[in-house]
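Please examine the fold presented below. The paragraphs that follow lead through its sheet and the helices packed around the sheet.

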Amino acid sequence: MRALERIWTEAAQRYPVLASCREDIMEAYYEMEKGFEQGGKLLICGNGGSSADAQHIVGELMKENRLRRKLPDEFTANCRRLYPGEGLEDQVQGALPAIAIGTCQAFTSAYANDVSPQMIYAQEVFGYGRQGDVLLALSTSGNSGNVINAVKVARAAGLRCVGLGGQDGGMLRELCHVYVALPERETYLVQELTMPVYHVWCRMLEWAFWGPDEP
């Protein structure tokens with residue numbers, strides 16, 4: 001717990017404006033931690049810069065960041081038994097399963113053309129999502145139609161939903177189980193605060209699953 005507090009304190013010192021969001025940031029973190037603990041995955045969606053942020057988050061979670069991520073003993077043993085001397089177990093890293101929605105152009109273009117551009121994220125959430133998973137929805141306005149539809153489908157499918165966006169929150173605030181309202185309204189200012197928040201989450205998650213035993 002002290003490690004998580006230290007991560008938050010370091011971020012708050014660099015971005016003091018985030019102090020007003022602390023409670024929601026931590027509540028959102030615990031939603032994601034619980035999902036991973038239960039064997040779930042994180043689905044992430046957003047448009048434009050938020051889509052880039054979604055992919056950035058995947059990069060932070062699917063590979064080592066600041067800590068060495070020890071692999072399960074059974075997996076390591078199987079690699080050595082099945083492929084002795086190849087060193088696969090030395091090149092695979094511990095990962096938290098995360099998927100950035102909307103990155104398969106073939107699917108998104110087909111669905112947008114055949115069904116609706118407003119439902120492309122929702123369809124992927126329905127296809128990938130399972131109970132126990134968490135959807136992280138990024139929208140600076142909180143009113144992006146395809147993101148809103150993704151959250152609606154996620155809730156209907158039994159997923160937990162976390163929103164991250166601007167101060168007003170729009171429809172996203174009302175639909176998500178937890179919404180982090182960054183204290184800005186202009187798109188570029190909301191985006192400037194988005195990265196430090198998800199860096200906090202990613203650092204905390206890595207510590208929760210691979211941190212040292214000591215506090």
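Predicted model: local features only at pLDDT ≥ 70, side-chain atom pairs only at ≥ 80, totals over all residues.

Residues are numbered from 1 along each chain as its sequence is written, and side-chain values use heavy atoms, leaving out hydrogens and water. Helices (H or I, at least four residues) and strands (E, at least two) are DSSP runs, numbered from the N terminus.

The sheet is open and contains 5 strands in the order β2-β1-β3-β4-β5, with parallel pairing; two strands pair if DSSP finds at least two bridges between them. At the edges stand β2 (98–100) and β5, each pairing on one side only. From one strand to the next, the twist averages 15°; axes are lines fitted to C-alpha atoms, for helices over the stretch in contact, and angles run from 0 to 180 degrees between N-to-C directions.

Strand β4 (residues 160–165) has 5 of its 6 residues buried, that is, under 20% relative accessible area with a 1.4 Å probe and protein chains only. It pairs in the parallel sense with β3 (residues 134–139) over 6 bridges, and with β5 (residues 178–181) over 4 bridges. Leu164 of β4 stands opposite Leu138, and its bridge partner in β5 is Val180.

Helix α2 packs on the sheet, where it touches β1, β3, β4 and β5, and its direction makes about 140° with that of β5; contact means heavy atoms within 4.5 Å. Helix α8 lies across β1, β3 and β4 and runs at about 165° to β3.

Helix α2 (residues 22–37) also packs with α10 (residues 187–210), at an angle of about 40° and with the axes 10 Å apart. That angle makes α2 oblique to α10, because angles under 35 degrees count as roughly parallel, over 145 as roughly antiparallel, 65 to 115 as roughly perpendicular and the rest as oblique. The residues that meet include Tyr29 and Phe36 in α2, and Trp201 and Leu205 in α10.

Notes:
Buried < 20%, exposed > 50% of the residue type's maximum accessible area, 1.4 Å probe, protein only.
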